[in-house]
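Visitor: I am new to reading protein models. Could you take me through this one, please?

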Amino acid sequence: METRELRYFVAVAEELHFGRAAQRLAMAQPPLSRAIQRLERRLGVVLLDRTARVVALTEAGSVLLREARAALDAVEAAERRTRRAAAGTPGMVLATKAGAAGELLSKLLDAYAAEPGAVAVEVVLCGPGEQEGLLRDGRADVALLQRPFDTTAGLDTEDLHTEQQVVVLPAGHPSADRPRMSMAEVTSLTDLPLPRWPRRGGGYPDGPGPQVRDHTQLFQLIALGRACAVVPESLRDHLRDGHATVPVPDAPAVTTVIAWPPHSRSKAVADLVRTATRLWPTAGP
């Protein structure tokens with residue numbers, strides 16, 4: 001398969017509409033349709049169920065979408081890393097979600113800077129889920145990710161810190177003084193719907209909650225009584241007087257990991273990872 005064919009298929013699979021996919025690719029719809037048909041014939045499978053009104057992924061199509069994204073990310077990463085190596089620019093790029101693991105990141109950068117041979121570290125602050133993409137496509141050399149929110153499949157990782165989650169409520173809400181809440185109780189707060197974060201492709205899932213792009217926007221909506229959110233307990237440091245937090249014991253624990261491409265041969269990345277694992281030898285809460 002050619003990368004061009006994979007790009008065509010990913011556009012159609014994400015849009016689930018040939019017209020929108022063709023517009024996104026800046027091409028006419030008929031050649032796009034023919035390209036997808038040729039790809040299906042070559043693979044001997046049906047990738048898309050087509051009706052007069054709906055386009056849907058088959059099981060085979062879902063598998064190819066996942067694999068095609070990974071393959072295209074790898075190609076883009078190779079291009080970017082090659083150009084950066086040719087430019088001879090020293091240092092490395094670390095991507096992390098804005099507002100997450102702030103104290104952990106500060107300690108890591110200070111400890112690494114004291115190491116012999118430390119290079120400059122450019123920190124890129126990302127929106128939710130963006131740091132994973134920067135690492136996979138070569139714009140970052142290393143990243144701080146949080147499971148289960150971020151996907152670490154295909155990356156090398158070391159666990160650094162695990163913490164529990166809390167629900168953030170408007171101050172004065174009837175549930176704000178409770179000693180704990182369950183996830184079922186959180187989702188039953190119809191007056192405070194959970195937020196909707198953007199998907200990787202940019203769209204938002206359906207639901208009653210407000211669309212949000214970052215934690216600053218989210219916490220303002222919560223203070224206004226328009227939403228609640230379940231977040232790692234370390235984010236309490238970013239809250240103001242208009243918020244209250246309640247532990248949610250049955251929410252999944254959040255583990256911060258340091259991640260890097262498995263094929264990385266960067267001494268700087270290896271030194272940074274070694275520093276991180278020395279600071280946090282276990283991922284206990």
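Predicted model: local features only at pLDDT ≥ 70, side-chain atom pairs only at ≥ 80, totals over all residues.

Visitor: Which strands make up the open sheet with β3, β5, β6 and β10 in it, and in what order?

Guide: Five strands form that open sheet, in the order β4-β3-β5-β10-β6, and their pairing is mixed. Strands β4 (121-126) and β6 (156-163) are the edge strands, each pairing on one side only. From one strand to the next, the twist averages 25°.

Visitor: What else packs on this sheet?

Guide: Helix α5, residues 102-113, packs on the sheet as well, touching β3, β4, β5, β6 and β10. The direction of α5 makes about 170° with that of β4.

Visitor: In which sense do β5 and β10 pair?

Guide: That pairing is antiparallel and extends over five bridges. For example, the bridge partner of Ala143 is Ala259 in β10.

Visitor: What holds paired strands together in general?

Guide: Strands of a sheet pair through backbone hydrogen bonds, and they may do so in parallel or antiparallel fashion.

Visitor: Back to β5. Why is it described as largely enclosed?

Guide: Five of the six residues of β5 are buried, so the strand is largely enclosed by the rest of the structure.

Visitor: Take Gln146 then. Is it buried or exposed?

Guide: Gln146, which is found in strand β5 (residues 142-147), has a relative accessible area of 4%. It counts as buried because that value falls under the 20% cut-off.

Visitor: What does the side chain of Gln146 make a polar contact with?

Guide: The side chains of Gln146 and Lys97 are joined by a polar contact of 3.2 Å. Leaving aside neighbours within four places in sequence, Gln146 is in contact with several residues, including Lys97, Ala100, Glu163, Pro232 and Val254.

Visitor: Changing topic: which strands form the open sheet that contains β7?

Guide: That open sheet has three strands in the order β8-β7-β9, with antiparallel pairing. Its edge strands are β8 (229-232) and β9 (243-247), each of which pairs on one side only. Neighbouring strands of this sheet are turned by 40° against each other on average, direction ignored.

Visitor: How many bridges join β7 to β9?

Guide: Five bridges join β7, residues 165-170, to β9, and the two run antiparallel. Leu169 stands opposite Ala244 in β9. Helix α8 (residues 215-223) packs on the sheet and touches β7, β8 and β9; the direction of α8 makes about 50° with that of β7.

Visitor: Where does Val248 lie?

Guide: Val248 lies in the loop between β9 and β10 (254-260). Val248 counts as buried, at 1% relative accessibility.

Visitor: Which residues is Val248 in contact with?

Guide: Leaving aside neighbours within four places in sequence, its contacts are Gln165, Val166, Val167, Met181, Ser182, Met183 and Val186. As for Thr162, Val248 is 86 residues away in sequence and 15 Å away in space, C-alpha to C-alpha.

Visitor: One more area. At what angle do α1 and α3 cross?

Guide: The axes of α1 (residues 3-15) and α3 (residues 29-43) come within 10 Å and cross at roughly 110°. That angle makes α1 roughly perpendicular to α3.

Visitor: Which residues meet there?

Guide: From α1, Glu5, Tyr8, Phe9 and Val12 meet Leu32, Ala35, Ile36, Leu39 and Arg42 in α3. The residues of this contact divide into seven nonpolar, no polar and two charged.

Visitor: Finally, the whole protein. How many helices and strands does it have?

Guide: The secondary structure comes to nine helices and 10 strands. The C-alpha trace spans about 60 × 55 × 25 Å along its principal axes. Of the 285 residues in the protein, 41% are buried. Among contacts with a separation of 6 or more, 66% come from residues 24 or more positions apart.

Definitions and conventions: Residues numbered from 1 in each chain as written. Heavy atoms only, no water. Pairing = 2+ DSSP bridges. Helix = DSSP H or I, 4+ residues; strand = E, 2+ residues; numbered from the N terminus. Axes fitted to C-alpha atoms, helices over the stretch in contact; angles between N-to-C directions. Contact = heavy atoms within 4.5 Å. Buried < 20%, exposed > 50% of the residue type's maximum accessible area, 1.4 Å probe, protein only. Polar contact = N/O pair within 3.5 Å; in protein donor to acceptor, adjacent residues only side chain to side chain. Parallel < 35°, antiparallel > 145°, perpendicular 65-115°, else oblique. Nonpolar A, V, L, I, M, F, W, Y, C, P; charged D, E, K, R; others polar.
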